[in-house]
Every structure is written in C-alpha cells, then in structure tokens.
Amino acid sequence: MLADLGTDARPLAGGHSLIPMMKLRLASPAHLIDLGGIAALKGIRADGADIVIGAMTTQHEMIGDAGLAARLPILKETALLIADPQVRYVGTIGGNLANGDPGNDLPAVMLCLGAAYQVAGKGGARRIAARDFYEGAYMTALEPGEMLIAVRIPVPPQGHGACYEKLKRKVGDYATAAAAVVLTLSGGRVATCSIGLTNVAETPLWAPAAAAAVIGSDLGAAAVKQAAAAAEAIAQPASDNRGPAAYRKKMAGVMVARALARARARAG
Ligand SMILES: Cc1cc2nc3c(=O)[nH]c(=O)nc-3n(C[C@H](O)[C@H](O)[C@H](O)COP(=O)(O)OP(=O)(O)OC[C@H]3O[C@@H](n4cnc5c(N)ncnc54)[C@H](O)[C@@H]3O)c2cc1C
C-alpha cells in the first residue's frame, strides 16, 4: 500500500509523533497506513550474537523484556528516559527511529551500538547502517515506499559498561543534550569505546573522535576532558527554549563526561 500510494501516504505506528505533527498542520498525509495489525513487526528475539527488535515493538515492551535488560541494559535505561508511561505504552521503536527527529533518544544509542536497520519496500529488503541513516532533521535514507521492519543490534561483549545520560528540564521532556556510551575495559584501561549524541545537531551524532580520546586511557581527568571537548566540537545545536546554543553545546560535553564515568563503574 505504501509503495502504491506513494509520498501521499505515511505509516502510522504509535502515532505519538505523527498525530501531534498533524494536529499542528506540520504534516497532512492524504493516507495513513496503520501498522498495528501486522504481528510480524512485533517482538524482541536473539539471533546469534545480535538482538533483533521488530519495528512495532513498543518502548514499554522494551523496558519489560528481561533478556534485553540483561544483554543490552542501555536500551532499557534509554527507553525509561523517553517521555512518560502513557507515551511509552504506544510509542514504538520503529516510529522513534524512522521519524528522523533529532530529539528522539533511541537513534543516538543505535549509532553508538553500531545497529543496522532492516527496511523493506516493493523492490525487496535491504539493510542500512544506523550511522548512514540520518541525513537531516526528519530526513532519512528511507526511499519512498520503503519502511522500517526491524533493528538488528550487535550485543557488546559481556562485561561491557554502558550508559545513556540525558539532561532534560523536567520528566517527559526531550533532551537539552544527551550522550550514549558503550565501552569495554582491559586491565583498567579502555579497550573499546563508542559514543553517540542526542539533540545537539540536525541529526543524531556518532562521535568517534570523542571515543578515540579515551581509548587506551584509564579514564583520567585529562582524557575525559579531551573526549568532552571533542563532543562539543561536533555539536551544532540551535538556540531554543531548552537554552542557548553555547549552553547546549557545553552540555553535550558534560553528558559525555558523566556517561563515561557511569559506564566505567558498570563495566567488568
Ligand atoms: C509528550 C511527548 C513527549 C515525548 N518525549 C520524547 C522523548 O523524551 N524522547 C523520545 O525519544 N521521544 C519522545 N516522544 C516521541 C515518542 O517516543 C514517539 O512515540 C516516537 O518518536 C514515535 O513513535 P510512534 O510509534 O509513536 O510513531 P508515529 O508517530 O506513528 O510515527 C512517527 C513517524 O515515523 C513514521 N513511521 C512509523 N513507523 C514506521 C516504520 N516502521 N517505518 C517507516 N516509517 C515509520 C511515521 O510515518 C511518522 O512519520 C514524545 C512524544 C510525546 C507525545
């Protein structure tokens, strides 16, 4: 239906981004295609070294899944920081990732984890790396007629430490700035590290230079300061009601420093 109706049609998942956009007249699709009846789009399963989450899995279901909490605790931590329970009962992982809203929390975590998005359209299925998916605010690599089916996430090694640190004005708010960190330690030093940033640019950001600043270090003050500075250097937030651009840029660095400290405490 999506391919046949073309760009006049939009998939409807939980509706918690799309319906507000329609009420504000920022979107006025001629057709809504309700994904709610497609059972195959739901569910969380392990597939070898990966976890695969169906696009219509709700944020609430992610929080309640014991296997996910054990193997990818950062997803539960992040989902708990999205909005409030009412939103999370119906808001889906697919809608959160496909919307392309830089304020959404899950995309930066997917960049950090090196996830791949499984998409499908009339022409067949393909995979897009999360790190290649976001092209601008509300602009993604999805072609017209394509939709997100599932997310495939490689599980970091046992003993990894992870953290999603989010600064927000109040419960239920989008991030002023937020950072996702996944790291492993070896002999007290950082062996691997990946960092993602939320809501400090038109897209979620992957921050390899910030991660490189701490790899090989024991996360001493100088290395953490360098990582925070590298994150601030790529942040290009707008001034808005969450604060002036300079403040939000600074907070990107602060969130990285806090997330690194908590990820280290959880590793091992
Ligand atoms: C008050 C409030 C506060 C919120 N706070 C936060 C927050 O702090 N952090 C956060 O991350 N989010 C927040 N959200 C957004 C919430 O997480 C949304 O539920 C989510 O962004 C969209 O998921 P959805 O299932 O509701 O998608 P929908 O609203 O149904 O769809 C969103 C967009 O994605 C498209 N889409 C949906 N599913 C697919 C698919 N499978 N393939 C291709 N395109 C698809 C739709 O066509 C639409 O364009 C908030 C929402 C509200 C109402």
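The lining of the second largest pocket comprises seven nonpolar, three polar and five charged residues. In this classification Ala, Val, Leu, Ile, Met, Phe, Trp, Tyr, Cys and Pro are nonpolar, Asp, Glu, Lys and Arg are charged, and the others, Gly among them, are polar. About 270 Å³ of space lies in this second largest pocket. Of its 15 lining residues, Pro 102, Asn 199, Ala 238, Asp 240 and Arg 248 are the closest to its centre.

A pocket here is an open set of points on a 1 Å grid over the protein atoms alone, where a 1.4 Å probe fits, with protein on both sides within 12 Å along at least five of seven lines; lining residues have an atom within 4 Å of a point. Points are joined across faces, edges and corners, and the volume is the space filled by probe spheres set on them.

The model is predicted: local features need pLDDT of at least 70, side-chain atom pairs count only at pLDDT 80 or more, and totals for chains, interfaces and linings use all residues. Residues are numbered from 1 along each chain as its sequence is written, and side-chain values use heavy atoms, with hydrogens and water left out.

I turn now to the largest pocket, which holds about 1,000 Å³ of space. It is lined by 44 residues, and Arg 10, Pro 11, Gly 95, Ala 98 and Asn 99 are the closest to its centre. By class, this lining has 20 nonpolar, 18 polar and six charged residues.

The ligand sits in the largest pocket, meaning that more than half of its atoms lie within 2 Å of the pocket's grid points. Around the ligand there are 30 residues, of which Pro 11, Gly 15, Leu 18, Thr 92 and Asp 105 come nearest; the criterion is a heavy atom within 4 Å.

Which ligand atom lies 2.7 Å from a polar side-chain atom of Asp 105? It is a nitrogen atom. On the backbone side, an N or O atom of Ala 13 lies 2.8 Å from a ligand oxygen atom.

Key. Polar contact = N/O pair within 3.5 Å; in protein donor to acceptor, adjacent residues only side chain to side chain.
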